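Please open the model in a viewer and keep the selection tool at hand.

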Amino acid sequence: MAVRAAAGRRAIEVLLESELPHAEDRRLVLVDATYEGGDRETEFTVRINGRKRRVRITEQNSPLGIVDAWQRHRSQEDPDGDSVLVVTGAVPADQLGWDLRAHAVRRRSLAVDPADIVKQLFGAADLDARMAGEKWLLDALLEAEPADHWPRSGAVLTRDRAVRALLAARLGLGDTTSDTLDFDADTLFAWTRTGAGPALFAALPAAERAGLSEWLEKTVGPAAPTLLALAADQRGADALPLGALASAALAASSAEAAGFALGTLYGSALASFDALRPFADAATGVVTRWIAQAEGGGPHGNEARSRVLAVLDRADQLAADARLSPLIGTDRLLPSGYRARLRALAATLDGDVAHAEAALRELAEHQLVELNAESTDMARTAVRLVRWLNGPMPKTVSTGQAVQEHMASAGWADLAVGILSEGDTSLDTAVGEAYHRLIGAVRERRTRLDEAFARTLADWTETASQQATGGALLIENVLAEAAAPLARDGGRPLILVLDGMSADVAVQLAGELDRKVWTEVIPKPRPGKEAARQAAVSMLPSLTTISRASLLSGEPAQGGQSVERAGFTTFWRKRHRDAHLFHKGGYEGPPGHRLAPELLDTLASDDVVAVVVNTIDDALADGREGARGQWNIGDISKLSDLLNAARDYGRPVVLVSDHGHVLDRTPRGHQQTDAEGVGGARWRTGTPQQGEIALAGPRVLAGGGQIIAAWRDDLRYTGRQAGYHGGAAPAEVTVPVITVVPSADLIPASWTLLPAESTAPHWWRGGDAAPMRAGSAPLAEKPRGRKAAPAPEGEGIFMLPGRGTLGEQAVQSPLFKAQREFVRLAPTEKAVAAVLDALLSAGGKLSPGAVAAAAQAATGKSQRNPERFATVLERLLNIDGYPVLQLIESGRTVQLDKSLLQQQFLGGAA
């Protein structure tokens, strides 16, 4: 016996909408199919020719039943109305009498063909041939039609178009009107994270679920069946976490044991173990792309970060529930893997630097390293301190050398200690304890350095003066040696005195300056000396009323604002310049103004201007540094506005302090030291005890020229504060002097730019980084003398026997020589060769400043505008648009492509 066709409510509706408009008010419709609508859908209305008509469906399985139902409908149920009776059932058409057929639409039983109905619903003339035998798809399309109907599909309704429309209507996947195949793993996994999507899939008939799974597997990939099986099992929300966990398990050393544990998590959703790898790969691909979005920052990045962490934290939870955590260990994707790597790094901090470096590389390879940027930076800082501890102990030769060493290296160690002191965001006890021990080791070394410095300072102070500096830059000479050169030939420097700025604070602020706006400059060092920032020695004791007055007066002085203002005016009047000094309350703008109009008017003039900013020094008293040891430009009152104003008015800037400070890192409850003759937090008169030094000489302007100063950082004679100054520690006595210009034209004669690579010590930049020498590029030294050793075989530092370095070979090539003829103001071949070799030896990347320094070292000619110089090099080397050399990272870095350099100028030769 043939299988009887079945029709649901929507099929009946479409049939009526198609037949009744031409049926001349006939009210009986015989349908050659059984009804699937159920008892609740036997009465409804349809709109025919603009008016509603009531429909009643009855299922009859005998000719007499049909006749009886029709008679009741005509005589009892709706004798005078226009309602329609639809009769379905199993009665063959040939058993119906002609008297009954005479009342029926078309006078016969109407066949219900789901394919024809679907064509009508989509407005198509034909269907994809593959759909004819797919009852699940046709029935689903009839049942799932949206309230605003299916969109028109054109002449032929393809299977892919139909399935896409069905997915959108049934599961909320995509758009019913879409004409593109935009399904991918990201879309499908994101759908599993919605509240309703997986539940809707689980509620579908089994045949429809199977059909959709098959289509998605072909479209999205082999991960789709497992994902949808999890959705059908009411575990769709865990699909992505389970995929990430599967990736970790498959990469584990005991993959077989991990796979067995995974089986308990997946259950029947995993058809076979072979299905695990494609599912894991698809899931990790999605998470990796989300991580990349999260690293981009902004609102979308923050949302992506939340998604990533929610998924991966859930994966870790599932691993713990299944006792998988010990097997997946240091997985490179899961948060537990990041924490495990961080703990492994912490365990190396007490030992050899090579182990710490290796552990840092392992941590950096974790995929969540950027999403844990603060924790990663802290770990990187810890390894930097291990490098510093394992490096040679600096020797204190003189006071001038010692403050320079503190500014160039030890101050960075103070910065690192400040960062570590905040504690890791993971709140991991083992990591925190490791950082605590490392800080203790650093402080022990600093104690030895500070003691040696104090003794050298005491000997030097006995005779030191402006006439006998002993090779040191004195704070009373800073205006003459750092500001006056900027004021020559009508220069208009802005001197920003950041009261209390220590070396560690100074390097943070300088590092935040926009290198595209500001160029850092220094006096040209003597040959063989490293390029380094300037550092001065404060007056003693290192107090504001002494050191700041001496700084601004250009000679030893003591007093408040009136003394500073008079001394500043007198200093510049001797140099035939007018000058103005603004203190707190004088430069801040009234409501509606960022800066005081008086200050802006002065900055617009030709006068020398200085501004005293007290934010840092004030913070030492109110506890600001006790909570957070790091500073940025936005933390300093009006500093950003002052720098912007200096830029706008074309003024070079000197960032200088009057003294530094030490932070209070003693335990809570640590009491002040009882002592006689207390003059301040860190100095007194009397007899020196342990941790103190006696200072006397022309530069000691308190205590009658003789004081006792604390050099140990845990000594204080007054109540607890966030930090203190007045003692003899290098962090208090060192005065940072940082000079920046907004235009290369403002670099004074006998000054030179300071490359960014020269601002941080080699142990901060990396274990293999070597310090750059002033007047030299990072190149191999050439042998001197008549009997110089022959060049080594092979490249060495890019040397080839008898041919020179790669840079020298490139500039000797005919192509380079021809190109140079067409570039206006092209640098010399010697300069270009030096730049190329400097970039090659640095791994292909340097700052524009370092590139200019390499050219200057080779030729002796100063490149006053590093960015412009780099742009000329681009025009010179990038023939036919090939990016041999280019400015990247918004102009902050010059990048050289070695392979393209060889192809363009050396014919591809290595």
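Predicted model: local features only at pLDDT ≥ 70, side-chain atom pairs only at ≥ 80, totals over all residues.

A charge is taken to sit over a ring if NZ of Lys or CZ of Arg is within 6 Å of the ring centre and within 35 degrees of the ring normal.

**Charges over rings**

Select Trp290 together with Arg307. Arg307 is placed over the face of Trp290, 4.4 Å from the ring centre. Next, select Trp388 and Arg445. Here Arg445 lies over the face of Trp388, and the distance to the ring centre is 4.8 Å.

A search of the whole structure gives nine aromatic pairs. Another pair, to be visited next, is that of Phe568 and Trp572, which is edge-to-face, with 6.4 Å from centre to centre and 70° between the planes. Are Trp763 and Trp764 buried or exposed? Trp763 has a relative accessibility of 5% and therefore counts as buried. Trp764, with a relative accessible area of 12%, is buried because the limit is under 20%.

Move to helix H24 (residues 561-573), where Phe568 and Trp572 are four residues apart and so are separated by about one helical turn. An α-helix has 3.6 residues a turn, so residues three or four places apart point the same way. Both Phe568 and Trp572 are buried.

Return to Trp572 and display its surroundings. Beyond its neighbours within four places in sequence, Trp572 is in contact with Leu479, Ala483, Ala484, Ala487, Ile495, Arg577, Ala579 and Val608.

**Helices H7 and H10**

Select residues 185-192 (helix H7) and 224-232 (helix H10). How do the axes of H7 and H10 cross? They come within 11 Å and cross at roughly 10°, which means that H7 is roughly parallel to H10. On the H7 side, Leu188, Phe189, Trp191 and Thr192 meet Ala224, Leu227, Leu228 and Ala231 of H10. The buried residues in H10 include Ala224, Thr226, Leu227, Leu228, Leu230 and Ala231. Just after H10, Gln234 adopts a positive phi of about 65°.

**Helix H22**

Select residues 503-512, helix H22, which is mostly covered, with eight of its 10 residues buried. The buried residues are Ala503, Asp504, Val505, Ala506, Val507, Gln508, Leu509 and Ala510.

**Ser538**

Finally, select Ser538, in the loop between strand S12 (534-537) and helix H23 (544-553). Ser538 has 0% relative accessibility and therefore counts as buried. Leaving out residues up to four places away in sequence, Ser538 touches Ile475, Ser547, Asp658, His659, Arg699, Glu732, Val733 and Val735. Ser538 and Leu551 are 13 residues apart in sequence, and their C-alpha atoms are 8.6 Å apart in space.

Key:
Residues numbered from 1 in each chain as written. Heavy atoms only, no water. Contact = heavy atoms within 4.5 Å. Phe/Tyr/Trp six-rings, centres within 6.5 Å; stacked < 30°, edge-to-face > 60°. Helix = DSSP H or I, 4+ residues; strand = E, 2+ residues; numbered from the N terminus. Buried < 20%, exposed > 50% of the residue type's maximum accessible area, 1.4 Å probe, protein only. Axes fitted to C-alpha atoms, helices over the stretch in contact; angles between N-to-C directions. Parallel < 35°, antiparallel > 145°, perpendicular 65-115°, else oblique.
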